[in-house]
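Dear colleague,

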Amino acid sequence: MTVDLIPAGWLRRTATRIQRKLRALFTPDTATGSSVESAYARWAPIYDWVFTAPLVYGQRAAAREANKLDGTLLEVGVGTGLSLPLYSRKLTVSGIDLSEPMLERARQRVAREHLGNVAELQAMDASDLTYGEASFDLATVMYVMTVVPDPAKVLAELERVVRPGGTVIIVNHFASERGVLALAERLLARFSQTLGWDPLFRRERILAHTSMTLEHEERLGPLGLFTMMVFRRP
Ligand SMILES: C[S@@+](CC[C@H](N)C(=O)[O-])C[C@H]1O[C@@H](n2cnc3c(N)ncnc32)[C@H](O)[C@@H]1O
């Protein structure tokens with residue numbers, strides 16, 4: 001006779017309850033527009049509390065790279081502005097995001113922390129930037145490429161608004177080739193609709209859609225869960 005330490009029925013019920021809660025958090029709300037906007041409207045009040053610890057590695061690494069440079073920086077998908085205090089004051093920073101509730105929190109952070117080098121925070125779609133050609137010296141994009149519907153369009157926009165010779169820094173989770181992480185990602189992929197991001201997004205999808213030169217690539221954070229790519233626009 002075998003005795004289950006964790007009964008299968010209890011596991012199933014718990015998994016269903018978690019899935020229901022996640023679905024409630026992410027299900028598109030027709031009253032507030034697109035699914036991304038409604039999802040982040042729900043995340044905004046608790047985003048910092050949930051995500052500061054796991055995302056800080058990538059934000060610090062991107063800021064470290066950005067701070068080697070000076071001039072104008074565009075942060076695409078700036079969210080609640082967790083990374084804004086990490087940038088050197090010699091960078092003039094603009095931030096855009098699709099979600100007004102996330103931006104509102106970023107604005108509060110700028111005021112609270114007296115971030116005088118943050119020039120503007122605007123609602124804008126990363127795949128349709130209103131900035132002109134070569135408007136920025138560099139751009140950072142953290143944890144955004146896997147939540148946008150058309151990453152190729154976002155890459156094309158980044159390439160357009162960063163000046164020739166400028167830098168684009170992308171931080172994201174990309175699908176693992178093998179091991180426990182690859183297995184976990186395959187399991188998570190079943191909930192990708194509910195989670196609002198694609199755990200099986202491969203780094204090749206970035207490389208295939210840009211003519212920028214990959215100058216540096218680095219695994220970051222716990223278990224190398226995240227990757228930073230530093231590109232130069234030709
Ligand atoms: C996982 S959060 C990352 C936020 C921030 N970069 C950070 O490191 O905390 C993804 C952000 O991308 C924004 N976003 C999603 N789709 C977007 C789009 N098409 N254009 C602009 N921002 C978008 C969301 O509103 C959200 O704030």
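In helix α2 (residues 35–43), the buried residues are Ser38, Ala39 and Trp43, where buried means under 20% relative accessible area, exposed over 50% and partly exposed in between, with a 1.4 Å probe and protein chains only. They lie on the same side of α2, because they cover an arc of only 140 degrees around the axis, taken from the directions from the helix axis to the C-beta atoms. Helices (H or I, at least four residues) and strands (E, at least two) are DSSP runs numbered from the N terminus.

This is a predicted model, in which local features need pLDDT of at least 70 and side-chain atom pairs count only at pLDDT 80 or more, while totals for chains, interfaces and linings use all residues. Residues are numbered from 1 along each chain as its sequence is written, and side-chain values use heavy atoms, with hydrogens and water left out.

The model also contains an open sheet of seven strands with mixed pairing, in the order β3-β2-β1-β4-β5-β7-β6, two strands being paired if DSSP finds at least two bridges between them. Its edge strands, each pairing on one side only, are β3 (118–123) and β6 (213–220). Within the sheet, strand β1 (residues 71–76) pairs with strand β4 (residues 136–142) in the parallel sense over four bridges, and Glu75 stands opposite Thr140 in β4.

Finally, Val50 is found in helix α3 (residues 47–66) and is partly exposed, with a relative accessible area of 30%.
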